[in-house]
Amino acid sequence: MAKTSSPISAVAERYASSLFELALEDKSVAKVEAALGSFEAMLAGSADLRRLIESPVFAADEQERAVSAILDKAKIGGLAGNFLRVVARNRRLFAVPGMIQAFRRIAAEHRGEVSADVAAAHALTAAQQNELKAALKSVAGKDVVINVTVDPSLLGGLVVKMGSRQIDTSLKTKLNSLKLALKEVG
């Protein structure tokens, strides 16, 4: 496993590893992963929530109360809920997105899977996702779990990140390459 020098990455790794060990012991890895996914979706959908976790202006007790209320309202409890409350109490909310990514990666490794982040210009159908999984499995030699995000700015094609590899077949990149080539010619 490659270690990074970023302090946020190191904090995220440590917290995610601890959470994974607790979830494994409690036989609730899938449940915790789903709960963290719900919280991540809430983060993606709320600028106010992102501001709450990223801003150093809020005191630890304010962050903990706010996160606790959000978790109660979203019915995120158990190990994941307690974990997020502890993270808020310890003033580490800024690292939650990294913690969620690290937890997913650790859980996937435990299951013998590889994770791939896919950015697509439009939503992929189930058939396209299955075809992409099969193609990536032949490259990785393991089962692949894909996390698809839609990025209309790509215009067409895909950007696939799997481990340290990135495959960019987006129309945006191809057009930029063509633009550069034309500048060199003219």
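Trainee: Where is Asp143 placed in this predicted model?

Mentor: Asp143 belongs to strand β2, which covers residues 143-150.

Trainee: Why is Asp143 called partly exposed?

Mentor: The relative accessible area of Asp143 is 42%. Buried requires a value under 20% and exposed a value over 50%, so Asp143, at 42%, is partly exposed.

Trainee: What makes the pairing of the side chains of Asp143 and Lys137 a polar contact?

Mentor: The two side chains approach to 3.0 Å. The cut-off for a pair of N or O atoms is 3.5 Å, with one atom able to donate a hydrogen and the other to accept it; the pair formed by Asp143 and Lys137 therefore counts as a polar contact.

Trainee: Which residues are in contact with Asp143, leaving aside its neighbours within four places in sequence?

Mentor: They are Gly112, Glu113, Val114 and Lys137. As for Met99, its C-alpha is 22 Å from that of Asp143, and 44 residues separate the two in sequence.

Trainee: What does the side chain of Glu33 make with the side chain of Arg111?

Mentor: The side chain of Glu33 makes a polar contact with that of Arg111, at 3.0 Å. Arg111 is also listed among the contacts of Glu33 beyond four places in sequence, together with Phe103, Arg104 and Ala107.

Trainee: How are helices α3 and α4 arranged?

Mentor: The axes of α3 (residues 47-54) and α4 (residues 60-74) come within 10 Å and cross at roughly 145°. The crossing of α3 past α4 is left-handed.

Trainee: Which residues meet where α3 and α4 are in contact?

Mentor: From α3 there are Leu49, Leu52 and Ile53, and from α4 there are Gln63, Ala66, Val67 and Ile70. Six of the contact residues are nonpolar, one is polar and none is charged.

Trainee: What lies 3.1 Å from a polar atom of the side chain of Ser55?

Mentor: The backbone nitrogen of Val57 lies at that distance from the Ser55 side-chain atom.

Conventions
Residues are numbered from 1 along each chain as its sequence is written. This is a predicted model: local features need pLDDT of at least 70, side-chain atom pairs count only at pLDDT 80 or more; totals for chains, interfaces and linings use all residues. Side-chain values use heavy atoms; hydrogens and water are left out. Helices (H or I, at least four residues) and strands (E, at least two) are DSSP runs, numbered from the N terminus. Buried means under 20% relative accessible area, exposed over 50%, partly exposed in between (1.4 Å probe, protein chains only). Contact means heavy atoms within 4.5 Å. Axes are lines fitted to C-alpha atoms, for helices over the stretch in contact, and angles run from 0 to 180 degrees between N-to-C directions. A crossing is left-handed if the near helix is turned anticlockwise from the far one by less than a right angle, and right-handed if clockwise. Ala, Val, Leu, Ile, Met, Phe, Trp, Tyr, Cys and Pro count as nonpolar, Asp, Glu, Lys and Arg as charged, and the others, Gly among them, as polar.
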